[in-house]
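Hi,

Here is the structure I said I would pass on. Have a look at it first, and then read my notes below.

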Amino acid sequence: MSAQAGAATDAVTQDQSLDRRFMALALSLGRRGLGRTWPNPAVGAVIVKDGVIVGRGWTQAGGRPHAEIEALRRAGAAASTATLYVTLEPCSHHGKSPPCADAVIAAGISRVVSALEDPNPEVAGAGHARLRAAGIAVDVGIGAAEARHDHAGHILRFTAGRPHVLLKLAIAADGKAGAAGRRPVAITGEAVRDRVHLLRAQSDAIMIGIGTALADDPLLTCRLPGMAKNSPVRVVADSMLRLPPKSRLVQSAHDTPVWALAGMRAPQHAELNLLASGVEVLRSPDSADPLDLVDALELLAAKGVTRLMVEGGPTLAGAFLAADLVDEAILFHSAKVVGPDGIDALDGGAMTALRQRLNRIGTEPVGPDRQESQESYERK
């Protein structure tokens, strides 16, 4: 290889390295919006000119302004001839705000590096095409694997008609999740509790079953300092609407939304009582008891939910695994022992399904406990 060719190769390698570095920053910025932007995706954007970052943005709470608009606002006139790094294709359609692609063109951006094409059929490549038609260079694919992970809920909502499902379980050293008689027991420590509250804040909604609601009377909010406003919608799989009006969930429904997923056979008077307390009732067209989880997830997706955290105990966890609806799992392992009369975290079939359908991607200590993270093989 000639010296000239070698120098050209080094320059390309350096450019690719810079692209990856700036896209990594955009991805990090986008994660700030997780759990707060639905039904819109949590996108991140960075504007770079002559190697200097001149604008940064991420999708704001409620889904607007979009990340590109925030980054362009911060960049101002410096956006002209700059490069925009964005974790998802800029939109090309008129929704509640004008197309981001038009704003990018108007700002004079000369190059766009986009991690993914948007699966939303109203976009689906049209944003990239509009940018190219305006003479902007468009490169797609840098950071694609990470972006698919961060935007998994948005992708699944359009490709499968359901949200991304994260299963969270706390498991004692003897495989138990609770004491006999469904009595709650502290399995993990304070560090795990804080981690779980952060996971709640990054979720659009959190689901438990009616058994857990009756046994534990949980609140399910995010109680990290200053983050109560980031609490997810609380969802109870409650086919016959047995959720007590005096429960902490119902009593706090006017502060943080509570949705009850019910079957068609649930009594009307129970629905009226919950509605009067501020609980929204979503009835599945399938009258079966327990609920059909596919129908339930379709109802949540129709409401705009993209990221669902399932925190509802062994029965609900087993049902999601049996239906092959778990995309990601976080298992918190403790050294504590509950005892032979305790409730298994998962029965044998559910544990087998977990191991067969999810791939362990890593473990890390969380205080005295251990977090095991797993993802669907299809997402690897």
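What follows is a short tour of what turned up, starting with a sheet and ending with the cavities.

One thing before you start: this is a predicted model.

**The sheet**

Start with the open sheet, which has 5 strands in the order β2-β1-β3-β4-β5 and mixed pairing. As background, strands of a sheet pair through backbone hydrogen bonds, and they can do so parallel or antiparallel. Here the edges are β2 (52-58) and β5 (137-140), each of which pairs on one side only. From one strand to the next, the twist averages 15 degrees.

Which strands does helix α2 touch? Helix α2 (residues 67-75) packs on the sheet and touches β1, β2 and β3, and its direction makes about 140 degrees with that of β2. Its buried residues are A67, E68, E70, A71, L72 and A75. You'll notice the spacing in that list; an α-helix has 3.6 residues a turn, so residues three or four places apart point the same way. What the buried residues of α2 pack against is β1, β2, β3 and also α3 (100-106). Just after α2 comes G76, which takes a positive phi of about 60 degrees.

Over by β4 (111-114) and β5 there is another helix to find: α4 (residues 126-133) lies across both strands and runs at about 150 degrees to β5.

**A histidine worth a click**

Next, go to H164, which sits in strand β6 (residues 164-171). Is H164 buried or exposed? It counts as buried because its relative accessibility is 3%, and the cut-off for buried is under 20%. The side chain of H164 also has a partner: it makes a polar contact with the side chain of E328, at 3.2 Å.

**Empty space**

Last, the cavities. Rolling a probe the size of a water molecule over the atoms shows where empty space is left. In this structure there are 2 cavities of 30 Å³ or more. The largest cavity holds about 90 Å³ of space. It is lined by 15 residues, and those nearest its centre are N40, P41, A42, T306 and R307.

Cheers

How values were computed. Residues numbered from 1 in each chain as written. Predicted model: local features only at pLDDT ≥ 70, side-chain atom pairs only at ≥ 80, totals over all residues. Heavy atoms only, no water. Pairing = 2+ DSSP bridges. Helix = DSSP H or I, 4+ residues; strand = E, 2+ residues; numbered from the N terminus. Axes fitted to C-alpha atoms, helices over the stretch in contact; angles between N-to-C directions. Contact = heavy atoms within 4.5 Å. Buried < 20%, exposed > 50% of the residue type's maximum accessible area, 1.4 Å probe, protein only. Polar contact = N/O pair within 3.5 Å; in protein donor to acceptor, adjacent residues only side chain to side chain. 1 Å grid on protein atoms, 1.4 Å probe; cavity = no way out; pocket = protein on both sides within 12 Å on 5 of 7 lines; lining within 4 Å. Points joined across faces, edges and corners; volume = space filled by probe spheres on them.
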